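Dear colleague,

Here is the structure we discussed, with the sequence alongside. My notes on it follow below.

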Amino acid sequence: MRRFNRSWLVSVALLIRHPVSAWQRLCRLWRTSVFRLALLFALAFSLVVGVSLAGVYWLSTQYIVGQIDVNLRDELTQLRGDVGDGSGDDEGLIGQIQEQVAQTDKSSRLYLLVDAKQHILAGNLLRWPEDLSCGQPAQFSDQSNIVPKKLQAEDSDIRVRALSTRLADGRCLLVGQAMVEEEGFTDHTGYLLSWALGIITLFSLAGGGWMGLAVLRRIDTITHTATQIMAGEFSRRIPDEGKGDEFSDLSARLNQMLDRIDELMAGMRSVTDNIAHDLRSPLTRLRNRLEIYLTHERPADEYREVMQQTLDDADQLLALFNTLIAIAQAEAGVRREVFTTVDFSTLLIDLVDFYQLAAEDRGVHLSAQIQPGITRLASQGLLTQIVVNLLENALNHIPAGSKVTVTLTQQEKTITLTIADNGPGIPNPADRLRVLERFVRLDAARSSPGSGLGLALVRAAMHEQGGTVELQDNHAGLKVLLTFPRLKVS
């Protein structure tokens, strides 16, 4: 309630101090779809309420008229019963009518007994109402002054509800009710219902405007944050008011998107810096070599050797760029369309057999514990690239006499691939996270060939496969834990 009041006070103050700005704000509010929908709902709700209140008013008046008709019919039946078949005592009927007229508590009740020529025999009506057929129920207004003066003094236009019946001797008996109190009640009820409809409509429109302002305020917050980000403040995020509604969900998703974009931009800056650093040396070496051999005449064999060295450097650069392209494609998910059913167990057995000879040449014992029959919907090329990178990384960074164990198991919801060795490993947990980034090489690995992209490619490929990669301490070595979600094989 405090926020609601403060919002309206701010709106009123803005209207007083800055009428042009307030008018622009109202025009902008009118253009919002939420306000127009709220306004349409308010009008529809007011229409439904108005029809309902009108129905209540009509039913109330019909009930009152029905009750009056019941009372008039009972009294008319009683008076007619006293007359009987017309041979009864006329003086008794006339006396009874006069007695009823004389009672002050029934002063709004009207009686009239006329003969066949409409001559008045008894009653308090001044004459027979015009256009009123005897024997038919009627409701008429006192426009010809036939109601007693006592009632005319209270209301100049009295409505009368009347029932009449023709007696056996041709006379006509009328019993009526001047609807003074009843009309007062129905008028008061109509007045209250009109006020209720007006208040409901007003609050509906005010509620629609308030909802429109509330939504517009939250949209303005998102727009303002987007403007700041476009201006270069990339650390800005959309504030969450903690309401748990759809705007909170939208803000959370947008903030996650901005975090992802910020992460990608940071990665791009890091990649740019690393590329500039790592490519400078081979390009400089290549240029210097060519420049030296162009300044003086050399034997053909030396030129052939330089050309071969230049081709080797070019191949190294091309391999570097191809790896970067593969990482970018894996992170962007552009190769999802080539997912097929892959026999993971057979693929892993073939790769381990292929690297047995290379492991023996390095004096490394390579073994495998592979659960048979594990299949998965995946990209066979990416799975092969992942295993090849990890096996080469293990074989290149462990001394002779070490062991490498490849394990593949299947659980209820996941498939786990583990490649563990008992080499020097990476003792520092922070370094185990860093080596998954592009161009990151620890000091112990700088003497060995490589560009620092192997594990980065593994992480990108695992992301493409929907899995995760984690480097753990093997307590004398390094353990690479790959976790794949099980996908349905069609």
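Is Glu-75 buried or exposed? Glu-75 is buried, at a relative accessible area of 9%; buried means under 20% relative accessible area, exposed over 50%, and partly exposed in between, with a 1.4 Å probe and protein chains only.

Before the rest, two remarks on how to read the numbers. This is a predicted model, in which local features need pLDDT of at least 70 and side-chain atom pairs count only at pLDDT 80 or more, while totals for chains, interfaces and linings use all residues. Residues are numbered from 1 along each chain as its sequence is written, and side-chain values use heavy atoms, with hydrogens and water left out.

Salt bridges

Side chains of opposite charge can pair when their charged atoms come close. The structure holds four salt bridges, each being a side-chain nitrogen of Lys or Arg within 4 Å of a carboxyl oxygen of Asp or Glu.

Glu-75 takes part in one of them, with Arg-109; the closest N and O atoms are 2.0 Å apart. Arg-109 sits in strand S1 (residues 109–114) and Glu-75 in helix H3, so the pair links distant parts of the chain, 34 residues apart. Helices (H or I, at least four residues) and strands (E, at least two) are DSSP runs, numbered from the N terminus. Arg-109 is buried too, with a relative accessible area of 13%.

Asp-69 and Arg-161 form another salt bridge, at 2.8 Å from N to O. Asp-69 belongs to helix H3 (residues 33–83) and Arg-161 to strand S4 (residues 159–166), so this pair ties together parts that are 92 residues apart in sequence. Both residues, Asp-69 and Arg-161, are buried.

Arg-237 pairs with Asp-262, where the closest N and O atoms are 4.0 Å apart. Arg-237 lies in the loop between H6 and helix H7 (246–295), and Asp-262 lies in helix H7, so parts 25 residues apart in sequence are tied together. Arg-237 is partly exposed, with a relative accessible area of 22%, and Asp-262 is partly exposed at 31%. Arg-237, Asp-259 and Asp-262 are linked in a network of salt bridges.

Disulfide

A search of the whole structure finds one disulfide, defined as a pair of cysteine sulfur atoms within 2.5 Å. It joins Cys-134 to Cys-172, with S to S at 1.8 Å. The torsion about the S-S bond of Cys-134 and Cys-172 is about 105°, so the disulfide is right-handed. Cys-134 is in the loop between strand S2 (120–123) and strand S3 (138–141), and Cys-172 is in strand S5 (residues 172–178), 38 residues apart. Cys-172 is buried, at 4% relative accessibility.

Helix H6

Helix H6 (residues 180–230) has 51 residues and should span 75 Å at 1.5 Å a residue; its end C-alpha atoms are 74 Å apart, which agrees. The expected span is 1.5 Å times one less than the number of residues. Gly-232, which follows H6, has a positive phi near 115°.

Nonpolar core

The largest nonpolar core has 42 residues, and Leu-417, Leu-471 and Leu-482 have the most contacts inside it. Such a core is a set of buried Ala, Val, Leu, Ile, Met, Phe, Trp, Tyr and Cys residues joined through side-chain atoms within 4.5 Å. H10 gives the most to this core, with nine residues. Leaving out residues up to four places away in sequence, Leu-482 touches residues including Ile-386, Leu-390 and Leu-417, where contact means heavy atoms within 4.5 Å.

Regards
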